[in-house]
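Please read it with the structure open.

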Amino acid sequence: MECIESFALDILEKLVGSTSRSNELTPPFTGTFDDPQSRYGRLEIAISCRRREGSDRRILRYPMGARTPSSRRIAQLLCVMNHVHQALDKGVSLTKRDLYYRDVALFRSQTIVDRLIDDLAATLKQDRADLNIRATSKGLICGSGLLIHLVEGGALRLNDCEGTLIPPGENIARFEIEGPITWVLVVEKEAIFQTLCKLQFTKYPTLPGRGLIITGKGYPDLATRQMVKALSDHLPNIPIVALVDSDAYGLDIMSVYKYGSQGLRHENEKLAAHRIEWLGIRASELSEFDIDLDMLIPITKHDEKKVHILLISCPA
């Protein structure tokens, strides 16, 4: 809590300083109204930026020199800091969704809240869990070989025929292996996950042993990434494979599990499961299956852009 208080104090000192410069510009005023710095002074707040290519920080300025209101971004940051401080002080947890609904008119979109939380955590050199911001779970896990003990008491007993919501990592006390686990399968699409659950694929008789199936329903949430990382670390001798589409988005999803994400690159060492391997048909293998290429979905401009980003951002 001290780090956020120190950052808030630094912002207030800069605010007072910019106000003092503004008071020095009393009539007769010789500047121009098109030069906001000469009339008002300038407040600048530097915060870490984990999503902008080519830069590790961004500057919030007031005024911005534009005709539109320029205090919103700073107000949004201060609002997030205020709610995070209250959560730390009271010892309660918040989700990104909770924060967004605290002031929808101010934030306007969930994306703005998500980015501010990530940037604030990076600025303070803290994990989101240290700020009492917990992940909103959406991922599912299936397989009766694992028992998840929770911090607040009780346990989640998994089964082989339906998915169980993956709890945030900070809510998990420990894992207990109830039976031999010989593989972990990470599935991109929830529909495939549900089909495999109905088939009780985790204990399918023709497989070499029982396993676990996980889905992040597309791009994985933090809780799902924490689960895959934990299984990778604590079950080092079993294979972990990802069943994803052989397109730019499928490969990007797998790279998030394997290497981490740009938005949370300051936490990637704690989230990246480097052992995960790609399972699925590659584009180079299509000819072996006598697939008519005219039946494939054409590549779009968005696909090409995604491929370009992957080529320049993913490790070799």
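This is a predicted model: local features need pLDDT of at least 70, side-chain atom pairs count only at pLDDT 80 or more; totals for chains, interfaces and linings use all residues.

1. The lining counts 24 residues, and the closest to the pocket centre are Asp245, Ser246, Asp247, Ala248 and Leu251. Start there when you orient the view.

2. **Who supplies the lining?** Which helices each give at least two residues to the lining of the second largest pocket? They are helix 9 (248-259) and helix 11 (301-313). Helix 9 provides the largest share, 6 residues.

3. The lining of the second largest pocket holds 17 nonpolar residues, 2 polar ones and 5 charged ones.

4. Leu296 sits in the loop between strand 11 (277-279) and helix 11. Its relative accessibility is 39%, so Leu296 counts as partly exposed.

5. **Salt bridges, overall.** The count comes to 16. As background, side chains of opposite charge can pair when their charged atoms come close.

6. **Asp118 and Arg128.** These two form a salt bridge, with 3.6 Å between the closest N and O atoms. Asp118 belongs to helix 6 (residues 110-123), while Arg128 is in the loop between helix 6 and strand 3 (140-142), so the bridge ties together parts that are 10 residues apart in sequence.

7. **Arg210 and Asp160.** Here the closest N and O atoms of the salt bridge are 3.5 Å apart. Arg210 is in the loop between helix 7 (190-198) and strand 9 (211-215), and Asp160 is in the loop between strand 5 (155-157) and strand 6 (164-165), so this pair ties together parts that are 50 residues apart in sequence. Arg210 has 41% relative accessibility and so counts as partly exposed. Asp160, at 10%, counts as buried.

8. **Lys229 and Asp233.** Their side chains meet in a salt bridge of 3.5 Å, N to O. How far apart are Lys229 and Asp233 in helix 8 (residues 222-234)? They are 4 residues apart, so about one helical turn separates them. Lys229 counts as buried, because its relative accessibility is 13% and the cut-off for buried is under 20%. Asp233 is partly exposed, with a relative accessible area of 44%.

9. **A salt-bridge network.** Arg58, Arg115 and Asp119 are linked in a network of salt bridges. Display the three side chains together when you check this one.

10. **Positive phi at Lys125.** Most residues other than glycine have a negative phi. Lys125 is not a glycine, yet its phi is positive, about 60°. Lys125 is placed in the loop between helix 6 and strand 3. Its relative accessible area is 73%, so Lys125 is exposed.

11. **Positive phi at Lys217.** Lys217 also is not a glycine and has a positive phi, about 55°. Lys217 lies in the loop between strand 9 and helix 8. With 33% relative accessibility, Lys217 counts as partly exposed.

12. **Leu15 and Tyr62.** Leu15 is in helix 1 (residues 2-24). Leu15 is partly exposed, with a relative accessible area of 40%. What distance separates the C-alpha atoms of Leu15 and Tyr62? The separation is 9.6 Å, although the two are 47 residues apart along the chain.

13. **Cys197 and Gly143.** Cys197 lies in helix 7. At 1% relative accessibility, Cys197 counts as buried. Cys197 and Gly143 are 54 residues apart in sequence, and their C-alpha atoms are 8.6 Å apart in space.

Note on methods
Residues are numbered from 1 along each chain as its sequence is written. Side-chain values use heavy atoms; hydrogens and water are left out. On a 1 Å grid over the protein atoms alone, a cavity is a set of points where a 1.4 Å probe fits but cannot get out, and a pocket is an open set with protein on both sides within 12 Å along at least five of seven lines; lining residues have an atom within 4 Å of a point. Ala, Val, Leu, Ile, Met, Phe, Trp, Tyr, Cys and Pro count as nonpolar, Asp, Glu, Lys and Arg as charged, and the others, Gly among them, as polar. Buried means under 20% relative accessible area, exposed over 50%, partly exposed in between (1.4 Å probe, protein chains only). A salt bridge is a side-chain nitrogen of Lys or Arg within 4 Å of a carboxyl oxygen of Asp or Glu.
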